[in-house]
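Dear colleague,

Please find the structure for your review below. A summary of the findings follows it.

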Amino acid sequence: MRHLGLWTLPLAAALLAGCGPSAAPAATAETAAPAAWHWEAQTVDLQGASSVGDIICKVDGTVQLCLYDKSNDEYRMLVSADNGETWTSQFPDWLPGVLGRDEEVRHILSSDEGTWLVLVGPKGWNEEGELSFWLGTEENLTRWKVSDLVPGWELMAAPAFLGDGRLVFLPATLELELAPDLAVYDPATGGCTTVSGAGEQAFACWQMDADNAGERTGRSDIFAPCGAGSRYVYMTYGANGVQLRAIDPDTGTNTQLLEDVPGVAVAAMTGLPDGTLYFLNGEGIWRLAAGGTLPELVVEIPGKDLAASSPENRVSACLGCAADGSFLVLTHDAYGASTLTRYAMVSE
């Protein structure tokens, strides 16, 4: 088993899986002169609240983001019906059923089919609490145990929903050690399989020389995981740079998508059901077509400090693709407050 390392506690970071959209962005200016259109950054006012989940984009143009307001100890769901252009606040009616008095929501994911994964944990001062996982639709969230799916393992790390709705994750112990196998759970059937050795492959694809002392020390971790089509995609750091890699849960193969990623490291990724991958870094939002090897810079974002050449100073973020082709970027400051920016194609 391999220890989880610096990206796991309190497992909220491990649950930052990338924000999976429901449909490929549509062309936005097919009938207009190219010079008449440009990307515009629009800041969404979160009123000092912090996000506790992914940006959830649906095929009908709905966008959802769960927020926590520390000032009044309150959760709310920020909802847009027009791809992030306008927003309203709602109070999730499922919260009373999953959240105890001394508990907090650690992170939320959702599949394209509407299956939600909610991680609940004790508040910082509550030493008696434990982590719990809830899965299902918004109307029917059910508490379930990882050990019921993968005996001997109590927690999960780096989960992501694939384009077909399956949930992929690395099982973990309470002592924060990772399984060598990747778990693949199908909410539609309730079945769970494991991909032998895939988890170990993810942590073994890079090695580096420690302090030039001749000792080989593993420095790989899974960062910004997401589902792109039927593949589990993630970023990893290594001695020779940064790679984007993909694990096929049906065959167990671990392949390299990109070596020498442009713009250095990746802060966030999101994938489409057709296998298209979008990733965010210090230069902007990039697109990598399914099966492609040449990424395209779609939206240039100057001034964003999102590049990091090592895990120690990596910036966590979230990326969403709305149904109309606009992008949503979520970043966090040193105090935990979140900033949500929408990048939309507008005419002059």
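Is C66 buried or exposed? C66 counts as buried, because its relative accessibility is 3%; the term buried denotes under 20% relative accessible area, exposed over 50%, and partly exposed the range in between, with a 1.4 Å probe and protein chains only.

Before the remaining findings, a note on the basis of the work. This is a predicted model, in which local features need pLDDT of at least 70 and side-chain atom pairs count only at pLDDT 80 or more, while totals for chains, interfaces and linings use all residues. Residues are numbered from 1 along each chain as its sequence is written, and side-chain values use heavy atoms, with hydrogens and water left out.

Regarding the chain overall, 52% of its 348 residues count as buried. Three helices and 29 strands are present; these are DSSP runs numbered from the N terminus, with helices being H or I of at least four residues and strands E of at least two. Of the contacts (heavy atoms within 4.5 Å) between residues at least 6 apart in sequence, 46% join residues at least 24 apart.

As to the cysteines, C226 is also buried, at a relative accessible area of 3%. A search of the whole structure for disulfides returned zero, a disulfide being defined here as a pair of cysteine sulfur atoms within 2.5 Å.

C66 is also one of the contacts of S51, a residue of strand β3 (residues 50-51). Neighbours within four places in sequence aside, S51 touches L65, C66, L67, L330, H332 and S338. S51 is itself buried, since its relative accessible area is 15%.

Strand β5 (residues 63-69) runs antiparallel to β6 and is joined to it by seven bridges; two strands pair if DSSP finds at least two bridges between them. D69 has E74 of β6 as its bridge partner. The two strands form a hairpin with four residues between them, and D73 in the turn has a positive phi of about 50 degrees. On to β7 (residues 88-90), β6 is joined by three bridges, again antiparallel, with V79 partnered by T88 in β7. In strand β6 (residues 74-80), six of the seven residues are buried.

Yours sincerely
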